Amino acid sequence: MRRNYNLFDVLQNNAIGIIAIHSFILGYKKVVLNKHSGKESAPSFSSLFYVLPIVYGESSLKSFKSSFELYTALSKDRSITLGLQERAQKMSAQTLDSINLGFSKNIFIFNEENQTIDLSEKFNSISILNTMKISTPFLKEVRTASFRLGNIFAKKDDKMLQITMNIRF
């Protein structure tokens, strides 16, 4: 039997936010390291504010979970970009709470010079996610969608992301 999750409970759970942001950073870093591009090896602090609004939305979660390109995700659900900037602003407190908890547990590292968020050495591996005993299908979907979202953000430059997704960093 699949249990329906109360969105309020999910939003108030900073541990779920940490899993989503951690997965996003890992997905981002995987693409950047494989491409050896001139892009920073970790995502910008401001880009993290779009992770939770995207992966906590049911339709956008499903779109990004099964997509490897931004165009594909947006073509599956054109409503993803509608109000995304406003949702990110409304959810900024939840995002900050998750980031702060991640810092307090030494999962995240802030690079002041580049304004990027990276992972501490202990948590800088996809094997961490694979060893987590996540039995809830919803959490697995959040983890997968966040990882793919990180891949997608790493493939695009910031200006293209802002134009395509109608957001501002």
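User: Is S60 buried or exposed?
Analyst: In this predicted model, S60 counts as buried, because its relative accessibility is 4% and the cut-off for buried is under 20%.

User: Which helix holds S60?
Analyst: S60 is found in helix α4.

User: And what is S60 in contact with, leaving aside its neighbours within four places in sequence?
Analyst: The contacts of S60 beyond those neighbours are P53, I54, D77 and I80.

User: How far apart are S60 and D77?
Analyst: In sequence, 17 residues separate S60 from D77. In space, their C-alpha atoms are 6.8 Å apart.

User: Staying with α4, at what angle does it pack with α9?
Analyst: The angle between α4 and α9 is about 60 degrees, and their axes are 8 Å apart. The crossing of α4 past α9 is left-handed.

User: Which residues make that contact?
Analyst: From α4, the contact uses L61, K62, F64 and K65. From α9, it uses F138, E141, V142, T144, A145, R148, L149 and I152.

User: How do the residues of the contact of α4 with α9 divide into nonpolar, polar and charged?
Analyst: There are 7 nonpolar residues, 1 polar residue and 4 charged residues in the contact of α4 with α9.

User: New topic: α10. Which of its residues are buried?
Analyst: Helix α10 covers residues 158-165, and its buried residues are L161, Q162 and M165.

User: Where do they sit around the axis of α10?
Analyst: They lie on the same side of α10, because they cover an arc of only 95 degrees around the axis. As a general point, an α-helix has 3.6 residues a turn, so residues three or four places apart point the same way.

User: What covers the buried residues of α10?
Analyst: The cover includes α3 (51-55), α4 (58-65), α5 (70-76), α6 and α9 (137-155).

User: Which exposed residues are on the face turned away from the buried side?
Analyst: That face of α10 carries K159 and I163, which are exposed.

User: What happens just after α10?
Analyst: N166 follows, and it takes a positive phi of about 60 degrees. N166 is also one of the residues in contact with Q85.

User: Where is Q85, then?
Analyst: Q85 belongs to helix α6, residues 84-90. Q85 is buried, with a relative accessible area of 11%.

User: What else is Q85 in contact with, setting aside neighbours within four places in sequence?
Analyst: Besides N166, Q85 is in contact with Y50, I167 and R168.

User: Now the strands. In what sense do β1 and β2 pair?
Analyst: Strand β1 (residues 108-111) and strand β2 (residues 116-119) are antiparallel, with 4 bridges between them.

User: Which residues in β2 are the bridge partners of F108 and N111?
Analyst: F108 has L119 as its bridge partner in β2, and N111 has T116.

User: How many residues are between the strands of that hairpin?
Analyst: There are 4 residues between β1 and β2. In this hairpin, Q115 takes a positive phi near 60 degrees.

User: Lastly, the overall picture. How many helices and strands are there?
Analyst: The protein has 10 helices and 2 strands. Along the sequence, the pattern reads α-α-α-α-α-α-α-β-β-α-α-α.

User: What percentage of the residues count as buried?
Analyst: Of the 169 residues of the protein, 47% count as buried.

User: And among contacts between residues at least 6 apart in sequence, what percentage join residues at least 24 apart?
Analyst: Among those contacts, 70% join residues at least 24 apart.

Notes: Residues are numbered from 1 along each chain as its sequence is written. This is a predicted model: local features need pLDDT of at least 70, side-chain atom pairs count only at pLDDT 80 or more; totals for chains, interfaces and linings use all residues. Side-chain values use heavy atoms; hydrogens and water are left out. Two strands pair if DSSP finds at least two bridges between them. Buried means under 20% relative accessible area, exposed over 50%, partly exposed in between (1.4 Å probe, protein chains only). Contact means heavy atoms within 4.5 Å. The arc is that of the directions from the helix axis to the C-beta atoms. Axes are lines fitted to C-alpha atoms, for helices over the stretch in contact, and angles run from 0 to 180 degrees between N-to-C directions. A crossing is left-handed if the near helix is turned anticlockwise from the far one by less than a right angle, and right-handed if clockwise. Ala, Val, Leu, Ile, Met, Phe, Trp, Tyr, Cys and Pro count as nonpolar, Asp, Glu, Lys and Arg as charged, and the others, Gly among them, as polar.
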